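Me: I would like to learn how to read a protein model, one feature at a time. Could you walk me through one?

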Amino acid sequence: MTTVAIVCGYDLHSDLADYVRNVVPLILAERCEAIIFSGGYTSPVHDHSEAQAMTRAFAAHVPDALVILEERAMTTLDNIVYGREIARQLFPSRRYIVICDRVHAPKVRVLSAILLRVGFSVRAVPRKVPAKVRLFEPVSLVAEAVAAVLPFLRVPLRRTAMRLKGLSVRRTPRSAPRVTA
């Protein structure tokens, strides 16, 4: 059974390198054979994805890991949906380790229970999170959990997240998932 880590990405304007430094020991302790860094092009001023930023930071610590970039995600729900989609395509038998920060951990546990059902564990690491994100997180948990159960709500949720991030909803994904070694 392959152990796959899905690492949820966060704001490109935050210190993702610090976040990844905290993620590395978890990935090594869990003996993950594959790591999916999940996070899209979430900034109107950066030309790279959250997944790319995390992968660059990760490569400095673990240069020979099997890393897969998932660059479509705009929400935590997207992180898990798209990460699961990639893992199912590549690994017939898998166990998931979903990694996030402590503020998002309750939402990640709920979404993982809905979407992954069994064979997962959630690991949370410390990360500085703005007060407005902390305050909005309960609303986000409810909205994303409802969209996890009712998939037709995922597109409006994604569009709303893009607008909140200052992105155009007409923008197309820049790339397909990539594997690096």
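**Reading the fold, residue by residue**

Reply: Happy to. With a relative accessibility of 68%, Arg31 counts as exposed. Please keep in mind that this is a predicted model.

Me: Where is Arg31 found?

Reply: Arg31 belongs to the loop between α1 (16–30) and β2. Its backbone deserves a look too: phi of Arg31 is near 55°, which is a positive value in a residue other than glycine.

Me: And what is phi of Arg117 near?

Reply: Phi of Arg117 is near 65°, again positive and again in a residue other than glycine. Arg117 sits in the loop between α4 (105–115) and β5. With a relative accessible area of 65%, Arg117 is exposed.

Me: Let's step back to the whole chain. How many helices and strands does the protein have?

Reply: The protein has six helices and six strands. Starting at the N terminus, the order is β-α-β-α-β-α-β-α-β-α-α-β. The radius of gyration is 15 Å, close to the 16 Å that the globule rule gives for 181 residues, so the protein is as compact as a globular protein of that length. The C-alpha trace spans about 35 × 35 × 30 Å along its principal axes.

Me: How should I read contacts along the sequence?

Reply: Take the contacts between residues at least 6 apart in sequence and ask what share joins residues at least 24 apart; here that share is 73%.

Me: Now the strands. Is strand β4 largely enclosed or open?

Reply: Begin with the cut-off: a residue is buried if its relative accessible area is under 20%. Six of the eight residues of β4 (residues 94–101) are buried, so this strand is largely enclosed by the rest of the structure.

Me: Which strands pair with β4?

Reply: Strand β1 (residues 2–8) pairs with β4 in the parallel sense, over six bridges. To find one of these on screen, look at Val4, whose bridge partner in β4 is Tyr96. Strand β5 (residues 120–125) also runs parallel to β4, joined to it by six bridges. There, Ile99 has Arg123 of β5 as its bridge partner.

Me: How do I judge the two faces of a strand?

Reply: In a regular strand, side chains alternate between the two faces of the sheet.

Me: Which strand pairs with β3 over four bridges?

Reply: That is β2 (residues 34–38), and the pairing is parallel. Within it, the bridge partner of Phe37 is Leu69 in β3.

Me: Could we try a residue in the loop between α3 and β4?

Reply: Let's take Ser93, which lies in the loop between α3 (76–90) and β4. Ser93 counts as partly exposed, at 33% relative accessibility. Leaving aside residues up to four places away in sequence, Ser93 touches Met1 and Thr2. Compare that with Asn79: this residue is 14 residues from Ser93 along the chain, and their C-alpha atoms are separated by 20 Å.

Me: Last, what about burial, surface and charge overall?

Reply: Of the 181 residues, 51% count as buried. The accessible surface comes to about 9000 Å², with 59% of it belonging to carbon and sulfur atoms. As for charge, there are 26 positive and 15 negative side chains, and the centres of these two sets lie 5 Å apart.

Methods. Residues are numbered from 1 along each chain as its sequence is written. This is a predicted model: local features need pLDDT of at least 70, side-chain atom pairs count only at pLDDT 80 or more; totals for chains, interfaces and linings use all residues. Side-chain values use heavy atoms; hydrogens and water are left out. Helices (H or I, at least four residues) and strands (E, at least two) are DSSP runs, numbered from the N terminus. The radius of gyration is taken over C-alpha atoms; the globule rule is 2.2 Å times the number of residues to the power 0.38. Buried means under 20% relative accessible area, exposed over 50%, partly exposed in between (1.4 Å probe, protein chains only). Contact means heavy atoms within 4.5 Å. Accessible areas come from the Shrake-Rupley method with a 1.4 Å probe; for residues, only the protein chains shown count as cover. Lys and Arg count as positive and Asp and Glu as negative; His and the chain ends are not counted. The place of a charge is taken as NZ of Lys, CZ of Arg, CG of Asp or CD of Glu. Two strands pair if DSSP finds at least two bridges between them.
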